[in-house]
Amino acid sequence: MIIYNTLTKEKETFSPLEKGKVKMYCCGPTVYDYVHIGNLRTFIFYDIIKRIFEHFGYEVKQVINITDVDDKIIKNSMETKTGIYRYTKMFSEFFFEDIGKVKIEPATIYPRATDNIDKMVEIIEALIQKGFAYKAEDGVYYSIEKFKDYGKLSGVKVGQGLSRIKSDEYDKLSISDFALWKFWDEKDGDVFWDASIGKGRPGWHIECSAMSNRFLGDTLDIHCGGVDLIFPHHENEIAQSEAYTGKKFVNYWVHSEHLLVDGRKMSKSLHNFYTLRDLEDMGFDPLSFRLMCLDSNYRDKLDFTMDNLKRYEKTLNDINISFKLLEKLNESDSVEINEEVDTIYSKFDEALADDFDTHSALAQFFKLLDLANIKIKDGRIGKSEKKKIIDTIMKMDKVLGVIDKGDINKDVIELADKRKELRKESKWAEADAIRKEILNNGYNVVDIGDSDYIIVKKRNHV
Ligand code: AMP
Ligand code: ZN
């Protein structure tokens with residue numbers, strides 16, 4: 001597999017630390033609000049790369065952290081007079097609901113920052129002892145000039161006369177000593193830990209160094225995040241982790257590009273965001289958004305528009321109709337198998353192995369569906385060819401995750417059967433009334449000639 005590494009700015013051949021295994025850490029959500037679909041693009045990418053490694057036979061240990069203590073969380077939970085625990089629990093639950101809707105498979109572990117404070121304190125103590133960190137009046141800070149490799153990921157240059165920064169998020173111009181531990185002040189209310197390094201709470205960056213070390217060890221194969229995390233967050237993680245262990249922290253840094261609206265990054269602060277719930281309220285199938293993400297390269301910016309999303313919803317619907325029609329297609333005795341199926345599948349693999357190129361992989365998936373559509377038009381297909389195409393589509397979908405699975409509600413099938421009988425008796429008005437009832441249940445019937453049908457999920461923008 002070939003991977004573009006942000007650290008070397010080159011495409012490299014992937015070589016795991018341990019044969020057949022991948023240790024992967026992905027920066028997860030800060031649970032202070034609903035995630036927006038920009039965040040979701042990144043989380044979908046985490047899911048895709050995990051699935052791709054598994055597709056190629058690797059055993060993946062994927063850690064996605066939940067940041068459940070930071071400046072924004074404390075501020076919001078105080079403003080809404082909700083205890084921090086209840087506040088973050090609520091938004092973590094919403095997060096898990098949202099990722100489930102876009103078919104993100106569960107990571108191996110979702111550690112919470114507040115369950116790992118002991119590890120953070122242990123690292124900070126070690127950093128103080130080794131001379132990389134120092135105590136100031138309002139917290140413990142990392143002294144970036146002590147770490148000679150500071151800037152190796154993002155290219156920032158450490159200047160003279162460094163200032164200190166306490167806030168978790170700061171811009172590219174603020175190349176400063178950053179807070180590892182923030183001493184308690186009134187603004188923090190009852191959010192603090194009584195630690196050996198003082199009464200206070202962790203900074204954001206130390207959370208990821210601690211959780212990656214605890215769950216994956218000193219060196220990781222892959223670390224991912226959105227491009228906005230390269231500086232300062234990931235640069236600071238390297239400084240903390242490498243100073244702590246004396247070893248290389250990450251072999252491959254993988255960063256995904258942003259989702260844009262009107263040319264600007266989708267973000268809470270610009271108020272230009274949609275949540276998945278907004279899209280659902282507009283009647284969209286969340287998987288249309290997944291398909292949209294798959295069709296772009298993760299290293300390219302992706303411009304979000306409603307018109308585009310509608311286009312993907314239609315494509316998603318077509319994919320599922322074709323697949324269902326193929327499953328129902330009459331079989332002939334022909335033993336011939338179109339060799340193109342194997343070629344398509346190996347090109348699919350080639351695309352995925354080339355820096356997770358889901359756009360080109362998807363093109364192969366569509367090619368295979370085109371092949372199926374020709375057979376559907378013919379009205380029949382050889383038995384073994386049908387099996388081969390269906391199996392290949394299913395193997396591809398194990399990575400893509402766009403084919404509807406799960407049983408259709410028994411009542412809906414009964415309704416569809418009843419409708420079929422009514423149509424046979426030319427009772428069109430009654431048959432139509434049943435179609436509406438099926439639609440109200442969230443499904444649509446597509447007729448095959450006069451005597452058969454398939455049932456697909458109801459989609460509004462097709
Ligand atoms: P946060 O909860 O703000 O820490 O963000 C969680 C993840 O979403 C991080 O990996 C960010 O890089 C990523 N992210 C934030 N905004 C966008 C966006 N507009 N497009 C893609 N990813 C984003
Ligand atoms: Zn992180």
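Visitor: So strands here are DSSP runs of E, at least two residues long, and they're numbered from the N terminus. With that in hand, where is histidine 258 found?

Guide: This is a predicted model, and in it histidine 258 lies in the loop between β12 (250-256) and β13 (259-261).

Visitor: Is histidine 258 buried or exposed?

Guide: Histidine 258 has a relative accessible area of 15%. Buried means under 20%, so histidine 258 counts as buried.

Visitor: Which residues does histidine 258 touch?

Guide: Leaving aside residues up to four places away in sequence, histidine 258 touches Arg41, Val227, Asp228, Lys265, Lys301 and Leu302.

Visitor: And what joins the side chains of histidine 258 and aspartate 228?

Guide: A polar contact of 3.1 Å links those two side chains.

Visitor: Let's zoom out. How many helices and strands are in the protein?

Guide: The protein has 14 helices and 19 strands. Its C-alpha atoms fill a box of roughly 85 × 50 × 35 Å along the principal axes.

Visitor: What share of the residues is buried?

Guide: Of the 462 residues in the protein, 54% are buried. Also, among contacts between residues at least 6 apart in sequence, 75% join residues at least 24 apart.

Visitor: Now helices. At what angle do α8 and α9 pack?

Guide: Helix α8 (residues 286-294) and helix α9 (residues 306-328) pack at about 100°, and their axes are 8 Å apart. Angles of 65 to 115 degrees count as roughly perpendicular, so α8 is roughly perpendicular to α9.

Visitor: Which residues make that contact?

Guide: From α8 come Leu287, Ser288, Phe289, Leu291 and Met292, and from α9 come Asn308, Leu309, Tyr312, Glu313, Thr315, Leu316 and Ile319. By class, the contact of α8 with α9 has eight nonpolar residues, three polar and one charged.

Visitor: How do α10 and α11 cross?

Guide: The axes of helix α10 (residues 340-353) and helix α11 (residues 358-378) come within 7 Å and cross at roughly 165°. An angle over 145 degrees counts as roughly antiparallel, so that word describes α10 and α11. The crossing of α10 past α11 is left-handed.

Visitor: Which residues are in that contact?

Guide: On α10, the contact uses Glu340, Val341, Ile344, Lys347, Phe348, Ala351 and Leu352. On α11, the partners are Thr358, Ser360, Ala361, Gln364, Lys367, Leu368 and Leu371. The contact of α10 with α11 divides into eight nonpolar, three polar and three charged residues.

Notes:
Residues are numbered from 1 along each chain as its sequence is written. Chains are lettered from A and ligands numbered from 1 in the order in which they are written. This is a predicted model: local features need pLDDT of at least 70, side-chain atom pairs count only at pLDDT 80 or more; totals for chains, interfaces and linings use all residues. Side-chain values use heavy atoms; hydrogens and water are left out. Axes are lines fitted to C-alpha atoms, for helices over the stretch in contact, and angles run from 0 to 180 degrees between N-to-C directions. Helices (H or I, at least four residues) and strands (E, at least two) are DSSP runs, numbered from the N terminus. Angles under 35 degrees count as roughly parallel, over 145 as roughly antiparallel, 65 to 115 as roughly perpendicular and the rest as oblique. A crossing is left-handed if the near helix is turned anticlockwise from the far one by less than a right angle, and right-handed if clockwise. Contact means heavy atoms within 4.5 Å. Ala, Val, Leu, Ile, Met, Phe, Trp, Tyr, Cys and Pro count as nonpolar, Asp, Glu, Lys and Arg as charged, and the others, Gly among them, as polar. Buried means under 20% relative accessible area, exposed over 50%, partly exposed in between (1.4 Å probe, protein chains only). A polar contact is a pair of N or O atoms within 3.5 Å; within protein, one must be able to donate a hydrogen and the other to accept it, and residues adjacent in sequence count only if both atoms are side-chain atoms.
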